[in-house]
Amino acid sequence: MKFYILPLLGLSLLLAGCSKTPSDAAIRRQIAGTWTFNQDGALTIASDGSWSIMESKRKGTNSFAGTWQITEDVFYMTTTNSRIEQGPSAVGGVQRYKTIHLDHQTMIYGDGQNGDDQITRKRIH
């Protein structure tokens, strides 16, 4: 019986370590870069805490910019500048996203409640 306890303990520690959420500092380091926004644009997240989105539409170019922060693996984006060809300004808006997955090529975030609200971005640079 005691021969099974040690391997089971080791396996449970290994699995617990694999599911650990990265630290906020690790997310901050890894999130900086340019990511796909949609087929018409890109999301740039700078290491200085700023972000910008540029997207080209048939009716014109929309751009957004602001600041970001990570707190307890939640990604906050505050919009400070907005230029939308047709529609209301988004200045002052704060989006809150749970970081679900982040590696060197893929970022997945959402409300953390269900898969329908997940957003996947691929790194461009």
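Strand β2 (residues 41-45) and strand β3 (residues 50-57) of this predicted model pair in the antiparallel sense over five bridges, where two strands count as paired if DSSP finds at least two bridges between them. Helices (H or I, at least four residues) and strands (E, at least two) are DSSP runs numbered from the N terminus, and the protein has two helices and eight strands in these terms. Residues are numbered from 1 along each chain as its sequence is written, and side-chain values use heavy atoms, with hydrogens and water left out. Because the model is predicted, local features need pLDDT of at least 70 and side-chain atom pairs count only at pLDDT 80 or more, while totals for chains, interfaces and linings use all residues.

**Strands and hairpins**

- Along the sequence, the elements follow the pattern α-α-β-β-β-β-β-β-β-β.
- The strands β2 and β3 form a hairpin with four residues between them, and G49 in that turn has a positive phi of about 95 degrees.
- W51 stands opposite G66 in β4.

**A residue in strand β4**

- S63 is found in strand β4 and counts as buried at 18% relative accessibility, where buried means under 20% relative accessible area, exposed means over 50%, and partly exposed lies in between (1.4 Å probe, protein chains only).
- Leaving aside its neighbours within four places in sequence, S63 is in contact (heavy atoms within 4.5 Å) with I53, M54, N81, S82 and R83.

**The salt bridge**

- The structure holds one salt bridge, a term for a side-chain nitrogen of Lys or Arg within 4 Å of a carboxyl oxygen of Asp or Glu.
- The salt bridge is formed by K98 and D73, whose closest N and O atoms are 2.8 Å apart.
- This pair links distant parts of the chain, 25 residues apart, with K98 in strand β6 (residues 94-102) and D73 in the loop between β4 (60-71) and β5 (74-83).
- K98 is partly exposed, with a relative accessible area of 29%, whereas D73 is buried, with a relative accessible area of 9%.

**Aromatic rings**

- Rings of Phe, Tyr and Trp (its six-membered ring) pair if their centres lie within 6.5 Å, and planes under 30 degrees apart count as stacked, over 60 as edge-to-face and the rest as tilted; by this rule the count comes to three aromatic pairs.
- The rings of F75 and Y109 have centres 5.8 Å apart and planes at 80 degrees, so this pair is edge-to-face.
- The pair links distant parts of the chain, 34 residues apart, with F75 in strand β5 and Y109 in strand β7 (residues 106-110).
- F75 counts as buried at 1% relative accessibility, and Y109 counts as buried at 3%.
- Ring pairs link W68, F75, Y97 and Y109 into a cluster.

**The protein as a whole**

- Buried residues make up 28% of the 125 residues in the protein.
- Of the contacts in the protein with a separation of 6 or more, 28% are between residues 24 or more positions apart.
- The protein exposes about 8300 Å², of which carbon and sulfur atoms supply 56%; accessible areas come from the Shrake-Rupley method with a 1.4 Å probe, and for residues only the protein chains shown count as cover.
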